[in-house]
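Q: I would like to learn how to read a sheet, the helices packed on it, and the nonpolar cores of a protein model. Could we go through them one at a time?

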Amino acid sequence: MKPDSKLAQSIENGDFIITAEYLPRITADKQSVDSVLKTLGNGLTAVNVSDNPYGVALSSLAASAGMATNGIEPIFQMVTRDRNRIALQSDLLGAAYLGIKNVLCLSGYHQTLTASSGSANVYDIDSIQLLAAVTGMNEQRVLINGAKIGGEFSMIAGAVANPFLEPLELNIIRLAKKVKAGAQFIQTQPVFNIEKFRLWIEAANQEGITEKTAIIPGILPLNSFEEAERLREFYTDHIIPNEIIDRLRSAGDDTIQKNTGLAICSEIIGTIKDIQGVCGIHILSGGKEDRVPELLDMSGL
Amino acid sequence: MIVAQRKIIPEILEKLKYHKKILVLGCGTCVTVCLAGGEREVCIIASALRMASKLHGYSLDIEELTIERQCDNIFIEMAAEATERNDAVLSLGCGAGVQAVAERYPYKPVYAGLDTAFIGILEERGVWTEKCIACGECVLSDYGGICPVARCAKRLLNGPCGGSKEDRCEVSPDRECAWQLIYRRLKDIGQLDRLKNIAVPKSWNKSRDGGYRVIIRDDHRI
């Protein structure tokens, strides 16, 4: 059964997909959640709800359910870092019960990179095994252990890829496995180096991967060169070329740097949206949800 | 081998504070090789404890002994008299050794002088690295002899995470990405196709998750 989600429909129709990331905060206050969601504005196909990337925050399941109730379509992010297969599958059933139609399967930043660096990790299964589990739940209505799901279960599963993971051969093997395991869409780490991104997606095109999945490159508005340097230093999946950092540094004061950050994104969007195999864009807010409508506006989306 | 490292002297001293006569008991196997709990380290720790206790205004009476294997009752027996004449034992064995000694001498306090760290190898002089977590169901044959369970920080079985950068792990710049090593090794031995298969979820029953493990070999039982 096909899930009746906007995201699934857009993939099927070949519409240009626009998603954005919402980062839940350390709060249980409904109003603060609503106000952040309001800033995201209209024009989005769906909104990703991140799963504790930097440590404890409002649960992505609860926030996703709240969004679904308020008419915003969530992409429920699940990392395999904090939950074993029992909890993951139980939460998938829970998510479907609460009206969630989209799930993004990730391994998640290692817990030593979070604010709870002393916690244990789980990693009972990896992101590809989680994707395969969702596919099994969708297609055969069975859990990993073969137990039958009562009634319907319908959810569209996606995964993350880093276009800049080298060597390219290993990168494509991994991407192909994600698609084979059932990833119907792929959101990527932030793209700043268009030429390298082009090499990656051309390789994916050649392997026939882009025919089977919707590639949605990540776009990250940077507020300052300091932020760019910090992200690049601390998170190895953030590949930010020196030219980008130099451009921000030489732009001027804080306001001009913020505008330059948006201008960089807008230029990247302008170029990559026409690359063969690109099906949309995913705005990685990193908690700066207020930049999303500005960027969409500037990019004419 | 099992790799361990010595606890700091103040921590050991604190644990021993209710005793006067201490047997520092070394082990001649793994912890000797990794320079943590052999005859030489017994001598060093005993001297350090004597000095440290004097600096604190009292004097520990310390006896030194190293047996061949602390995880084996036949050898533990050889420490029986020395254990008897002391108030407590400071074991420089691995976690298995400390427990084996404690089980053999139920009325004698036994303290751990080492932190047991991992199953690993000597990489270069003074550097040991972890290679195995004893998961109970070896997957090395599928990964070119490099273990993703022990050496990938997320124990991923299907390829690297997005944080693998220039051969390093996202956790720390001084750790290698196991998946880059697995990829290169499988390519070198002509088995890269192995990576294209989706590895199914591993059963962790034979690992620590199934409770502590016991092996019974009926063919060796009397």
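**Reading the sheet and the cores**

A: In this predicted model, strand 2 (residues 21-27) of chain B pairs with strand 3 of chain B in the parallel sense, over seven bridges. Within that pairing, B:Lys21 stands opposite B:Asp61 in strand 3 of chain B.

Q: In what order do the four strands of the open sheet in chain B lie?

A: Strands of a sheet pair through backbone hydrogen bonds, and the pairing can be parallel or antiparallel. Here the four strands of chain B follow the order 3-2-4-5 with parallel pairing, and the edges are strand 3 (61-67) and strand 5 (110-112) of chain B, each of which pairs on one side only. From one strand to the next, the twist averages 25°.

Q: Which strands of chain B does helix 3 lie across, and which does helix 6 lie across?

A: Helix 3 (residues 39-55) of chain B lies across strand 2, strand 3 and strand 4 (88-91) of chain B, at about 170° to strand 3 of chain B. Helix 6 (residues 95-104) of chain B lies across strand 2, strand 4 and strand 5 of chain B, running at about 175° to strand 5 of chain B.

Q: Which residues touch the most other members of the largest nonpolar core?

A: In soluble globular proteins, nonpolar side chains tend to be buried together. The largest such core has 78 residues, of which A:Tyr22, A:Leu92, A:Phe197 and A:Leu222 touch the most other members. A second, separate core of 26 residues includes B:Val3, B:Leu60, B:Leu92 and B:Phe118.

Technical notes:
Residues numbered from 1 in each chain as written. Chains lettered and ligands numbered in written order. Predicted model: local features only at pLDDT ≥ 70, side-chain atom pairs only at ≥ 80, totals over all residues. Heavy atoms only, no water. Core = buried A, V, L, I, M, F, W, Y, C linked by side-chain atoms within 4.5 Å. Buried < 20%, exposed > 50% of the residue type's maximum accessible area, 1.4 Å probe, protein only. Pairing = 2+ DSSP bridges. Helix = DSSP H or I, 4+ residues; strand = E, 2+ residues; numbered from the N terminus. Axes fitted to C-alpha atoms, helices over the stretch in contact; angles between N-to-C directions. Contact = heavy atoms within 4.5 Å.
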